[in-house]
Amino acid sequence: MAAGCEAKAARPRLETNAKRPHNGTMLTHTYTELPEHFYAPVTPHAAPEPRLLAFNTPLATELGLALPDAPDELAALFSGAQLPAGAKPIALAYAGHQFGQLSPQLGDGRAALLGEAVTAAGHRFDVQLKGSGPTPFSRGGDGKSSLGPVVREYVISEAMHRLGVPTTRALAAVRTGEDVLRDTILPGGVLTRVAASHIRIGTFEYFAIRGDKDAVRQLADYAITRHYPEAGAADKPYRALFAAVANAHAQLVAHWMALGFIHGVMNTDNMSIAGETIDYGPCAFLDEFAFNKVFSSIDRGGRYAYNQQPLIAQWNLARFAECLLGIDDDKAAYESILGTFDDLFEPAYRQKMAAKLGFGPSLGDDDSPLIRDFLTTLNERGDDYTLSFRELAERLVADAEPRLGSVEERWRVAVRAGDRTDNDIRAAMDAVNPIVIPRNHQVERAIQASIGGDDSVMHALIKALASPFELQLGLEEFAIAPKPAERVVRTFCGT
């Protein structure tokens, strides 16, 4: 089980890894400089017959990792069969509010943080195996992953990166050569995830609910040093940390909303302090637009529906503030910062929507209702969210009949108010409105093909998503909205 889906109880620690490391660039370790109860040493399971499914060569280069070229060697390194140089695998402890209910003991139940890679520019990134076997936080589970979630996270996280959204990245996907038992028997896989860090709101909660103020302070100091060094120079560094995280989350959710992305499980253990999208479980992109759209099979009450995401982000931040109150007890100060969330989110969202509608960096005050009215019209009609913006620009250039009635007529008058040509407006809109997104039915098709042994569908989808704002010859199928019978209306945690 993954921590983002269900709570787990701790078990005794496992022995540290003693496998022969690969002779490449050494990983570093700053998280293990924190006290031992922040993590537990683990031993990744050695996959019996690892085979490389996908490898992100540009990301490996960016990270400065000296790695072999041979697929078999890469598969061994990123499946747990062999470890990169300097790897010291650990599982991180954290808690979390899951669907509003506190789970005091979660942690990495199927993940092993190998260490940290430092780029030539001095940026530090975690390198983590997901699906590499049991940890002290696995609650008796096998700690493995089936191939489906591996394909899903690789495809969607890399698509999000190409779309300009802060996100964890995928370095490698590997078949393990063994089966795992879920609802049925499925082929196993391991994903190598790269993140700015794996510190979550739930990491702070783990120590705060235990009354361990020293640990909260140490974690906050570490987060400031690693992610928000400017907060360290503030008169009140922990409030500055909170304000920085609040702003990062506001910007992140504005990205999600503008793209029609639904995270699906915004538990506090799935919200990164670094402001990255993390944990691609039951996530999905809108096809037909609906304000209250829910895909996740476990979100029966619609807590994490599309239009709920800004509110939930603020709710999660309130839980973060409660943790920091243990080391800086000015409640009014944190409430004041929390109260600025809408002031951070709304302009960021408005700016992105203004660009999507061809207005450049901002809308005039008189034109602001166009966003609301445009989305309300899409909601009433159930039109495809992503393609609607492209089609709007196409009809403008062709001076075709407005399909969206009066709201489209108003939009044309407003967007033509400047001195740009219709072609200029369309070019600006096409530059920010993707034509290719990881649509649910295409992701599912890639998963099922890979489970059946055909990886070509996944690779074609990855190629199409590498250039989301242009249509590549031969990959046109990935830009087409699903037919009603093809729509995927339920997504699953997959663990």
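Trainee: Is the crossing of α7 and α10 left-handed or right-handed?

Mentor: The crossing of α7 and α10 is right-handed. A crossing is termed right-handed if the near helix is turned clockwise from the far one by less than a right angle, and left-handed if anticlockwise. Helices (H or I, at least four residues) and strands (E, at least two) are DSSP runs, numbered from the N terminus.

Trainee: What should I keep in mind about the model itself?

Mentor: It is a predicted model, in which local features need pLDDT of at least 70 and side-chain atom pairs count only at pLDDT 80 or more, while totals for chains, interfaces and linings use all residues. Residues are numbered from 1 along each chain as its sequence is written, and side-chain values use heavy atoms, with hydrogens and water left out.

Trainee: Back to the helix pair. At what angle do the axes of α7 and α10 cross?

Mentor: They cross at roughly 30°, and the axes of α7 and helix α10 (residues 341-356) come within 8 Å. Axes here are lines fitted to C-alpha atoms, for helices over the stretch in contact, with angles from 0 to 180 degrees between N-to-C directions.

Trainee: Which residues make that contact?

Mentor: From α7, they include Ala246, Ala250, Val253, Ala254 and Met257, and from α10 they include Phe341, Leu344, Phe345, Ala348 and Met353. Contact means heavy atoms within 4.5 Å. By class, the contact of α7 with α10 has 12 nonpolar, 4 polar and 2 charged residues. In that count, Ala, Val, Leu, Ile, Met, Phe, Trp, Tyr, Cys and Pro are nonpolar, Asp, Glu, Lys and Arg are charged, and the others, Gly among them, are polar.

Trainee: How many residues of α7 are buried?

Mentor: Of the 23 residues in α7, 18 are buried, which leaves the helix mostly covered. Buried means under 20% relative accessible area, exposed over 50%, and partly exposed in between, with a 1.4 Å probe and protein chains only.

Trainee: What span should α7 have, and what follows it?

Mentor: At 1.5 Å a residue, the 23 residues of α7 (residues 237-259) should span 33 Å, and the end C-alpha atoms are 33 Å apart, which agrees. The expected span is 1.5 Å times one less than the number of residues. Gly260 follows α7 and has a positive phi, near 75°.

Trainee: And where is Phe99, with its positive phi?

Mentor: Phe99 is placed in the loop between β4 (96-98) and β5 (101-103). Its phi is about 55°, although Phe99 is not a glycine. Phe99 has 25% relative accessibility, so it counts as partly exposed.

Trainee: What about Asp279, buried or exposed?

Mentor: Asp279 is buried, with a relative accessible area of 13%. It sits in the loop between β11 (261-262) and β12 (284-285), and its phi is near 70°, a positive value in a residue other than glycine.

Trainee: Changing topic: how do α12 and α13 pack?

Mentor: Helix α12 (residues 385-398) and helix α13 (residues 406-415) pack at an angle of about 70°, with their axes 12 Å apart. That makes α12 roughly perpendicular to α13. Angles of 65 to 115 degrees count as roughly perpendicular, under 35 as roughly parallel, over 145 as roughly antiparallel and the rest as oblique. Leu392, Arg395 and Leu396 in α12 meet Glu408, Trp411, Arg412 and Val415 in α13. By class, this contact has 4 nonpolar, no polar and 3 charged residues.

Trainee: And α3 with α16, at what angle?

Mentor: Helix α3 (residues 147-162) and helix α16 (residues 456-465) pack at about 10°, with their axes 9 Å apart. The two are therefore roughly parallel to each other. Val151, Tyr154, Val155, Ala159 and Arg162 of α3 make the contact with Met458, Leu461, Ile462 and Leu465 of α16. That contact has 8 nonpolar, no polar and 1 charged residues.

Trainee: One more: what does Arg439 touch?

Mentor: Not counting residues up to four places away in sequence, Arg439 touches Leu286, Asp287, Asp384, Thr386, Leu387, Ile480, Ala481 and Pro482. Arg439 lies in the loop between α14 (422-432) and α15 (440-451) and is buried, with a relative accessible area of 0%. Arg439 and Ala284 are 155 residues apart in sequence and 7.5 Å apart in space, C-alpha to C-alpha.
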